[in-house]
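Colleague: I would like to learn how to read helix packing and salt bridges in a model such as this one. Could we go through it together, taking the general idea before each case?

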Amino acid sequence: MDSFQELVDELAQKVIRLTDKRNEDLDRDCWMVLHEYHHGVRPSEYDIKEVDEELYLAILKRVRELN
């Protein structure tokens, strides 16, 4: 398995652990986990930075597959 897919799987599992499978807002939850991965902190209302869209979409897809 390549490192991109390993990262996707790792971050998808983190989303699932954090959301406890409640699936209320997977888009937001995936974005928040990815933001924390990229920038070292969860986003705040006043500090929203860009994230890798390809990675975000891959994580979201994987979380949906696992749920």
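Predicted model: local features only at pLDDT ≥ 70, side-chain atom pairs only at ≥ 80, totals over all residues.

Modeller: Residues are numbered from 1 along each chain as its sequence is written, and side-chain values use heavy atoms, with hydrogens and water left out.

Colleague: How many residues does helix α1 have, and what span does it reach from its first C-alpha to its last?

Modeller: Helices here are DSSP runs of H or I with at least four residues, and strands are runs of E with at least two, numbered from the N terminus. The expected span of a helix is 1.5 Å times one less than its number of residues. Helix α1, residues 3-19, has 17 residues and reaches 24 Å, close to the 24 Å expected, and α1 is followed by D20, whose phi is positive, near 55°. Helix α2 has 14 residues and reaches 20 Å, close to the 20 Å expected, and just after α2 comes G40, with a positive phi of about 85°.

Colleague: Which residues of α1 are buried, and what covers them?

Modeller: Two terms are needed here: a residue is buried under 20% relative accessible area, exposed over 50% and partly exposed in between, with a 1.4 Å probe and protein chains only, and contact means heavy atoms within 4.5 Å. In α1 the buried residues are L7, V8, D9, L11, A12, V15, I16 and T19, and their cover includes α2 (26-39) and α3 (53-66). In α2 the buried residues are L26, D29, C30, M32, V33, L34 and H35, and what covers them includes α1 and α3.

Colleague: At what angle do α1 and α3 pack, and how far apart are their axes?

Modeller: Two packed helices are described by the angle between their axes and the distance between the axes. The axes are lines fitted to C-alpha atoms, for helices over the stretch in contact, and the angles run from 0 to 180 degrees between N-to-C directions. For α1 and α3 the angle is about 60° and the axes are 8 Å apart. Angles under 35 degrees count as roughly parallel, over 145 as roughly antiparallel, 65 to 115 as roughly perpendicular and the rest as oblique, and α1 and α3 are therefore oblique to each other. Residues of α1 including F4, L7, V8, L11 and V15 meet residues of α3, among them L55, A58, I59, R62 and V63.

Colleague: How do the axes of α2 and α3 cross?

Modeller: The axes of α2 and α3 come within 10 Å and cross at roughly 130°, and α2 and α3 are therefore oblique to each other. The contact is made by L26, D27, C30, W31, L34, Y37 and H38 of α2 and by L55, Y56, I59, L60, V63 and R64 of α3.

Colleague: Is V15 buried or exposed, and which residues does V15 touch?

Modeller: V15 has its place in helix α1 and counts as buried because its relative accessibility is 0%. Not counting residues up to four places away in sequence, V15 touches D29, C30, V33, I59 and V63.

Colleague: How many salt bridges does a search of the whole structure find?

Modeller: A salt bridge is a side-chain nitrogen of Lys or Arg within 4 Å of a carboxyl oxygen of Asp or Glu, and the search finds six. In one of them the side chains of E36 and K14 meet at 3.1 Å, N to O, and this pair links distant parts of the chain, with E36 in helix α2 and K14 in helix α1, 22 residues apart. E36 is partly exposed at 22% relative accessible area, and K14 is partly exposed at 27%.

Colleague: What do the salt bridges of R64 and D27 and of R62 and E65 connect?

Modeller: R64 and D27 meet at 3.2 Å, N to O; R64 lies in helix α3 and D27 in helix α2, so the pair ties together parts that are 37 residues apart in sequence. R62 and E65 meet at 3.0 Å, N to O, and both lie in helix α3, three residues apart, about one turn of the helix. Salt bridges that share partners join D9, R62 and E65 into one network.
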